[in-house]
Amino acid sequence: MNSKTDEFPGQSRITIHSVAAVAGVSKSTVSRILDERLPRSESETARRVRKVAEELGYVRDVSAASLRRGNTMTVGVIVPRLTDTVMAMLYETLAKACSRSGRFAIVATTDDKPKADRLAAESLLKRGVDGLILSTARDDDDFPDELAKRGVPYVLALRTDGHSLSSVGDDRLGGYLAARHLLDLGHRRIGVIAGPSYASSSRGRVEGFKQALEEAGLNADPSYIIPSTFGIESGAVAIETLMRLSSRPTAVFAVNDNTAIGALSALTKLGLSVPQDISIIGYNDIPIVSHLPTPLTTLRVPFEQIASNALDLLAGDSSVDDRIRISAPTLIPRKSTAPIR
């Protein structure tokens, strides 16, 4: 055992008082030097205090410091599921952004069910989180309004209800860029795997897609727009529906990468080649899509910027005209799209 720890026999936890006693300084001096949020001092006293703290095995009591400040420095994150790579990427970027500012992110999942949303929120709030970040907003549910009435700090991420504090991607722009890319390749019969209508993200992408077609003098054929979930299997079912049309599309825009992956799998089973027989474009740029046998053309979503904006909004960094922050996606062309034959 370190000889210095012998000075505190029977003490289960080394405290600031312990470090101060060994270093020969006041408790407030130790507290200031070991506070990671303050600029790091390289004075002789600061170096001595840090060395003593390390030798004693001192670990800062975050919960006690948080109680003194009146908060817990924790953020509750609610996502539909972590098996969805997009939601896992959002949570990971939020957790990293929290860590950089001395906060900690706790996640809860809901399987995209409104009742589970409420249970997840209550569970996190009982654990004392300072606020919530939700990626589960639905048009058919007024849960964010309920939180607002209760005075619970919250921010919506990736999806928005149009009036709550929100950090989202520019979904309309993304859908527009996807359609414009396919139009520039000569495609005119373009199908859409549209996602669920309750999610602002999928609706925005479809709206942007339609806008690009209208600007090109084309009408979006309703039979080419197939509702889906955000899941892989749903993408497979949707592409099979499109391939049964008498005048089937030469290209398809899937509003997320999962449904695009499902479509690619189903097309292989149907004996069709991508992009020789049909072009496919996805959305989000999850890591796997660049490593597929046919790398997927997609729209890259700036998750780090969305996470950073969400935390800033949760901290109160907003104005009346700055309630919804929108981050632009980037088109990433790969081998799954090609000029029409």
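Visitor: Which strands does helix α9 (residues 200-215) lie across, and at about what angle does α9 run to β6?
Guide: Happy to start there, keeping in mind that this is a predicted model. Helix α9 spans residues 200-215 and lies across β6, β7 and β8. Taken against β6, the direction of α9 is at about 170°.

Visitor: Which strands does helix α10 (residues 232-243) touch?
Guide: Helix α10 also packs on the sheet, and its direction makes about 150° with that of β6. The strands that α10 touches are β6, β7, β8 and β9.

Visitor: What is the strand order of the open sheet of four strands, and which are its edge strands?
Guide: The pairing in this sheet is parallel, and the order reads β7-β6-β8-β9. An edge strand pairs on one side only, which here leaves β7 (225-226) and β9 (279-281).

Visitor: Which residues of β6 point the opposite way from I190 and V192, and are they buried or exposed?
Guide: In a regular strand the side chains alternate between the two faces of the sheet. In β6, I190 and V192 point one way and are buried. The residues pointing the other way are G191 and I193, and they too are buried.

Visitor: Where are the edges of the open sheet of six strands?
Guide: The order of this sheet is β2-β1-β3-β4-β5-β11, with parallel pairing. Strands that pair on one side only mark the edges, and these are β2 (104-109) and β11 (324-327).

Visitor: Which residue of β3 is the bridge partner of V77?
Guide: Strand β1 (residues 74-79) and strand β3 (residues 131-134) pair in the parallel sense over four bridges. In β3, the residue bridged to V77 is I133.

Visitor: What angle does the direction of helix α7 make with that of β4?
Guide: Helix α7 covers residues 143-150 and packs on the sheet, touching β3 and β4 (154-157). The angle between the directions of α7 and β4 is about 160°.

Visitor: Which residue in β11 does G169 stand opposite, and which residues form the uncovered face of β11?
Guide: Strand β5 (residues 166-169) runs parallel to β11, with four bridges joining them. G169 stands opposite S327, and S327 belongs with R325 to the covered face of β11. The uncovered face is made of I324 and I326.

Visitor: How is the chain divided into domains, and what distance separates the centres of domain 1 and domain 2?
Guide: Domain 1 takes 16-60, domain 2 takes 74-169 + 304-327, and domain 3 takes 171-301. Between the centres of domain 1 and domain 2 the separation is 36 Å.

Visitor: What percentage of the residues in the chain is buried?
Guide: The chain has 12 helices and 12 strands, and its accessible surface comes to about 16500 Å². Counting as buried any residue under 20% relative accessible area, the buried share of the 341 residues is 50%.

Conventions
Residues numbered from 1 in each chain as written. Predicted model: local features only at pLDDT ≥ 70, side-chain atom pairs only at ≥ 80, totals over all residues. Heavy atoms only, no water. Domains from an automatic or database assignment. Pairing = 2+ DSSP bridges. Helix = DSSP H or I, 4+ residues; strand = E, 2+ residues; numbered from the N terminus. Contact = heavy atoms within 4.5 Å. Axes fitted to C-alpha atoms, helices over the stretch in contact; angles between N-to-C directions. Buried < 20%, exposed > 50% of the residue type's maximum accessible area, 1.4 Å probe, protein only. Areas by Shrake-Rupley, 256 points an atom, 1.4 Å probe, with all protein chains shown as cover.
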